[in-house]
Amino acid sequence: MKSSNPFALWRWEKMFGQWQMFGEGFLRTIEVAALAIILALVLGVVFGVISTSNNKILRGIARVYVEFFQNTPLVIQVFFMYNGLAIAGLRLSVFTIGVLGVGIYHGAYVSEVVKAGIHSIPVGQVEAAKSQGFTYVQYMRYIILPQTIKIILPPLTNQAVNLIKNTSVLAMISGFDLMYMADSWASSSLDYGPSYIFAGLLYFLLCFPLATWARKYEERLKKNDSTHLPFDAAEEAITC
Amino acid sequence: MLELFQNVFTPSNVQFLAQGMGLTLLLSVIIIITSVIFGTILGLLRSYEKRFFGKVASFYIEMFRNTPLLLWILVCCFMIPLGTVVMRGALALILYTSAVIAEIVRGGLNSIPDGQFEAAKSQGFTLIQTLAYIVLPQCFKNIIPSLLSQVITTVKDTSFLQVVAIPEYTRSGFVVMGRYTQTAEVFLIFATLAVGYFVICFSLSMVVRTYQKRTSIAR
């Protein structure tokens with residue numbers, strides 16, 4: 001007679017018999033997250049730089065991008081790509097939707113981080129660079145952005161953690177990510193407990209080192225450095 | 001064009017969507033109030049109690065901050081045998097949001113110098129009095145922008161509840177959408193959903209911005 005405890009040992013054994021399923025989902029989550037982080041960084045840097053430029057139209061475009069994606073839920077954006085675009089005739093694979101959806105959404109947050117980073121660099125730097133004949137792109141690339149890296153690393157890492165967590169939205173559109181695999185195993189075997197705990201543990205393994213590193217790095221930065229930090233410790237806890 | 005609007009915004013659809021919006025707002029308010037209380041307690045414990053309860057608070061915060069919200073919604077809705085699905089969904093969001101707010105509160109507490117405690121003690125304040133009258137008011141003043149940003153995030157996060165068929169705004173939008181097949185109609189419903197959230201979240205973000213501007217001038 002098998003024990004009916006939802007966390008009974010035999011349920012765990014049954015689940016680990018299916019470990020490939022979880023492994024596949026875990027890999028898919030890592031792949032989507034990695035590509036989405038790259039996309040978010042590219043979009044974030046481009047729009048972050050644009051939003052500090054002097055051109056009103058460019059600043060407006062960046063503002064619209066940030067406000068739209070920060071103020072509407074990711075769920076709706078992803079379902080729009082999945083259902084809306086499909087009805088309009090454009091069928092994207094769930095993998096593509098994952099990368100695009102999560103990447104564009106977090107790109108808006110990254111752009112705010114980059115913008116705050118650029119604002120923390122004294123104006124004198126820009127004036128000095130200009131006086132030496134640097135063009136806009138040149139001084140951004142060689143003078144301003146390299147200096148922001150140190151201070152924007154902690155909030156960027158927190159964004160990466162949130163991004164990894166948000167890839168779970170793929171489960172809603174059967175994206176074969178970790179959350180989807182865990183959920184489908186839970187509902188097919190009715191072993192909810194082991195399945196969810198194992199999935200949670202795998203997410204934790206991805207996120208915890210990143211989040212802890214970001215916190216430690218920032219504490220060190222505050223202790224050693226007189227650089228003005230544009231981010232409150234509080235502001236950073238923000239998820240999205 | 002007018003016909004399209006008449007097709008989609010029938011009185012029954014509008015009423016259904018309005019009910020969804022009502023539930024979204026109600027859930028958001030309940031979740032935020034409860035999470036602020038619970039999160040403040042967790043944040044205080046993590047900052048000032050270094051023994052057992054502080055460890056428990058740290059464990060709780062790290063556990064919820066490093067796992068997806070969707071996981072907790074599924075856990076609460078499928079594994080807790082009590083209450084209605086709406087209550088269980090709200091519980092998931094409260095548990096998750098509390099951990100985030102606890103970290104925000106901890107950030108605010110970090111900025112309060114130890115001297116404040118010593119001064120309060122020398123005036124005969126008990127610990128509870130010190131926290132209630134001296135430490136927390138200063139802390140909350142500093143973290144209001146972050147808290148408001150978290151409110152925006154929470155309003156958006158309620159849309160995750162659609163996965164367990166809780167009829168909040170997103171879910172009601174999707175239900176309405178199921179009756180339409182034309183591209184224009186479906187797009188219009190998506191736009192309605194996006195605009196609904198946008199209006200709430202954007203007005204909140206304007207509040208944050210005005211507040212930040214005002215305090216930065218005052219400083």
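# Close-up views of a two-chain predicted model

**View 1. Chain B as a whole.** The secondary structure of chain B consists of nine helices and zero strands, where helices (H or I, at least four residues) and strands (E, at least two) are DSSP runs, numbered from the N terminus. This is a predicted model, in which local features need pLDDT of at least 70 and side-chain atom pairs count only at pLDDT 80 or more, while totals for chains, interfaces and linings use all residues. Residues are numbered from 1 along each chain as its sequence is written, and chains are lettered from A and ligands numbered from 1 in the order in which they are written. The C-alpha trace of chain B spans about 75 × 50 × 25 Å along its principal axes. Of the 219 residues in chain B, 42% are buried. A residue is buried if 20 or more other C-beta atoms lie within 10 Å of its own, exposed if 12 or fewer, and partly exposed in between, with C-beta atoms placed from the backbone. Among contacts in chain B between residues at least 6 apart in sequence, 75% join residues at least 24 apart; two residues are in contact if their C-beta atoms, placed from the backbone, lie within 7 Å.

View 2. The mean pLDDT of chain B is 91, and 99% of the residues score at least 70; pLDDT is the predictor's confidence in each residue, from 0 to 100. For the complex, the predictor gives an ipTM of 0.90 and a pTM of 0.90.

**View 3. Chain A as a whole.** Chain A has ten helices and zero strands. Its C-alpha trace spans about 80 × 50 × 25 Å along the principal axes. Buried residues make up 45% of the 240 residues in chain A. Of the contacts in chain A with a separation of 6 or more, 77% are between residues 24 or more positions apart.

**View 4. The contact between the chains.** Chain B gives 40 residues to the contact and chain A gives 36 residues. On the side of chain B that touches chain A, the elements that give two or more residues are α3 (52-65), α4 (69-79), α5 (85-110), α7 (127-157) and α9 (183-218) of chain B. The largest share of that side, eleven residues, comes from α9(B). The residues on the side of chain B that touches chain A are 21 nonpolar, 15 polar and four charged. Here Ala, Val, Leu, Ile, Met, Phe, Trp, Tyr, Cys and Pro count as nonpolar, Asp, Glu, Lys and Arg as charged, and the others, Gly among them, as polar.

**View 5. The largest nonpolar core.** This core has 117 residues, and those with the most contacts inside it are A:Ala182, A:Ala199, B:Leu70, B:Leu71, B:Trp72 and B:Ile73. The largest share of the core, 14 residues, comes from α5(B). A nonpolar core is a set of buried Ala, Val, Leu, Ile, Met, Phe, Trp, Tyr and Cys residues joined through C-beta atoms within 7 Å. Residues up to four places away in sequence aside, B:Leu71 touches A:Ser168, A:Met179, A:Tyr196, A:Ala199, A:Gly200 and A:Tyr203.

**View 6. Helix α8 of chain A.** Helix α8 (residues 178-189) of chain A has twelve residues. From its first C-alpha to its last, α8(A) reaches 16 Å, close to the 16 Å expected at 1.5 Å a residue; the expected span is 1.5 Å times one less than the number of residues. Buried residues of α8(A) include A:Met179, A:Tyr180 and A:Trp185. Their cover includes α1 (9-17), α2 and α9 (192-224) of chain A together with α4 of chain B. After α8(A) comes A:Leu190, with a positive phi near 65°.

View 7. A:Ser174 lies in the loop between α7 (136-166) and α8 of chain A. Although A:Ser174 is not a glycine, its phi is positive, about 40°. A:Ser174 counts as exposed because it has 12 C-beta neighbours inside 10 Å. A:Phe176 is in the loop between α7 and α8 of chain A, and has a positive phi of about 55° although it is not a glycine. A:Phe176 is buried because 21 other C-beta atoms lie within 10 Å.

**View 8. B:Ala90 in helix α5 of chain B.** B:Ala90 counts as buried because it has 23 C-beta neighbours inside 10 Å. Neighbours within four places in sequence aside, B:Ala90 is in contact with B:Leu27, B:Ile30 and B:Ile31.
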